[in-house]
Amino acid sequence: MFQITLYKQNAGSLLVAMLQGELDHHEATHVREVIDKELDSMPVPLLLLDLEELSFMDSSGLGVILGRYKKVQGKRGQMAIANVPPSVSRLFEMSGLHKIMRLYSSQSEALRSMKEVTQ
Amino acid sequence: MNKPSNEMSITFSALSENESFARVAVAAFIAQMNPTLEEITEIKTVISEAVTNAIIHGYPDCDGYVFLHCKIMGDKMEVIVEDHGVGIEDLDLVRQPLYTSRPDLDRSGMGFTIMESFVEQFEVTSKVGEGTRVRLVKQIRTPHNAAVHEV
C-alpha cells in the first residue's frame with residue numbers, strides 16, 4: 001500500500017508531499033507524475049518531501065527523489081526532506097544524497113527554514 | 001543430525017505490481033529464522049532491487065516471468081532471482097555505483113550497490129539473449145539463532 005498527499009503553502013510557491021507506505025518502482029511512476037504536474041505550474045518551486053510515514057523504500061525511490069531534485073534545481077528552486085526513517089537514511093548515505101539534500105527532523109522545522117528563504 | 005533445508009519457489013509475471021508481492025513473500029518465508037526488523041528491511045530491499053531489475057531490464061519490451069527461489073540453510077538464507085530476458089552485455093559496467101542504462105526512467109543506478117552491501121555473498125551471471133541470474137546469501141544474526149547454536 002502506498003499513498004501520496006500533497007498540499008501547497010506560501011501562496012502556492014511551496015509544495016509539501018507526504019509519502020506513506022512502501023515506495024518501489026511500481027509506485028515511483030505515479031509519485032513522479034503527481035509531483036511533476038504541480039512543479040510544472042510553479043515558477044520557482046520549493047518542494048518539501050515528508051517521509052515520516054514511509055515504511056519502505058528501495059533504489060527506485062532514490063531515483064524519484066534525485067529526479068525531483070534535478071527538476072527543482074533546474075527551475076532555481078529548493079528542495080528539502082523531513083523525517084527521514086533510519087532505513088531510508090542508510091540509502092541516502094550510500095548514494096550521497098544526504099550531502100546534497102537539506103534534511104530536517106520535522107515538517108515544521110523544514111517549513112520554517114524554507115519560508116525564510118522566500119522572504 | 002542435519003535439519004533438512006527448507007525451500008520455496010515462486011514464478012510470477014514480470015509486472016511491477018508483483019514487486020511488493022515478491023518482497024513480502026520472502027519476508028514471510030524467512031520469518032521462521034527470527035530476523036530483526038533491520039534484517040527484514042534489508043532482505044525486502046534486496047528482493048525489491050533484484051526483482052525490479054528483472055522486470056525493467058530483463059524484459060524491457062516483452063512479457064515474461066520472474067523465477068524466485070529461496071532456501072534456508074541454518075542461519076543463512078539463499079535467494080536466487082532469475083529472468084529469461086535479454087541478458088546483460090557488460091556486467092562490470094552495470095555493477096558500478098550510479099550507472100543506469102535507463103536515465104529516462106529516473107533510475108538512481110544504486111540497485112547493485114545496495115544489494116552488494118546488504119548481503120554476505122552476491123553473484124550475477126548473465127548471457128545475452130538468455131537471461132540474468134542473481135544469487136545472494138545473507139546471514140541472519142539474531143540473538144535467537146545464536147542461542148540455538150550454543151546448545
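Select α2 of chain A, residues 59-74. Helices here (H or I, at least four residues) and strands (E, at least two) are DSSP runs, numbered from the N terminus. With 16 residues at 1.5 Å a residue, α2(A) should span 22 Å, and its end C-alpha atoms are 22 Å apart, which agrees. The expected span is 1.5 Å times one less than the number of residues in the helix.

The model is predicted: local features need pLDDT of at least 70 and side-chain atom pairs count only at pLDDT 80 or more, while totals for chains, interfaces and linings use all residues. Residues are numbered from 1 along each chain as its sequence is written, and chains are lettered from A and ligands numbered from 1 in the order in which they are written.

**Along α2 of chain A**

Stay on α2(A) and colour its buried residues. A residue is buried if 20 or more other C-beta atoms lie within 10 Å of its own, exposed if 12 or fewer, and partly exposed in between, with C-beta atoms placed from the backbone. The buried residues of α2(A) are Ser59(A), Ser60(A), Gly61(A), Leu62(A), Gly63(A), Val64(A), Ile65(A), Leu66(A), Gly67(A), Arg68(A) and Val72(A). After α2(A) comes Arg76(A), which has a positive phi, near 60°.

**α1 against α2 in chain A**

The axes of α1(A) and α2(A) are 9 Å apart and the two pack at an angle of about 15°. Axes are lines fitted to C-alpha atoms, for helices over the stretch in contact, and angles run from 0 to 180 degrees between N-to-C directions. α1(A) and α2(A) are therefore roughly parallel to each other. Angles under 35 degrees count as roughly parallel, over 145 as roughly antiparallel, 65 to 115 as roughly perpendicular and the rest as oblique.

The crossing of this pair, α1(A) and α2(A), is right-handed. A crossing is left-handed if the near helix is turned anticlockwise from the far one by less than a right angle, and right-handed if clockwise.

To see the contact, show His25(A), Ala28(A), Val31(A), Arg32(A), Ile35(A), Asp36(A) and Leu39(A) from α1(A), with Ser60(A), Gly61(A), Gly63(A), Val64(A), Gly67(A), Arg68(A), Lys71(A) and Val72(A) from α2(A). Two residues are in contact if their C-beta atoms, placed from the backbone, lie within 7 Å. The residues of this contact divide into 6 nonpolar, 5 polar and 4 charged. Ala, Val, Leu, Ile, Met, Phe, Trp, Tyr, Cys and Pro count as nonpolar, Asp, Glu, Lys and Arg as charged, and the others, Gly among them, as polar.

**Where the chains meet**

Show both chains. The contact takes 18 residues from chain A and 19 residues from chain B. By class, the side of chain A that touches chain B has 6 nonpolar, 8 polar and 4 charged residues.

**Thr52 of chain B**

Select Thr52(B), found in helix α2 of chain B. Thr52(B) is buried, with 26 other C-beta atoms within 10 Å. Not counting residues up to four places away in sequence, Thr52(B) touches Asp24(A), His25(A), Ser60(A), Glu19(B) and Gly111(B). Thr52(B) and Gly111(B) are 59 residues apart in sequence and 9.0 Å apart in space, C-alpha to C-alpha.

**α4 of chain B**

Move on to helix α4 of chain B, residues 111-118, which is mostly covered, with 6 of its 8 residues buried. Those of α4(B) to select are Gly111(B), Phe112(B), Thr113(B), Ile114(B), Met115(B) and Phe118(B). The buried residues of α4(B) pack against α2 and α3 of chain A, and also against α2 (37-58), α3 (91-94), β4 (121-127) and β5 (131-139) of chain B.

α2(B) and α4(B) pack at about 145°, their axes 9 Å apart, in a left-handed crossing.

**Last stop: Leu68 of chain B**

Select Leu68(B), in strand β2 (residues 65-73) of chain B. Is Leu68(B) buried or exposed? Leu68(B) is buried, with 23 other C-beta atoms within 10 Å. Leaving aside neighbours within four places in sequence, Leu68(B) is in contact with Ser9(B), Ile10(B), Ala22(B) and Val81(B).
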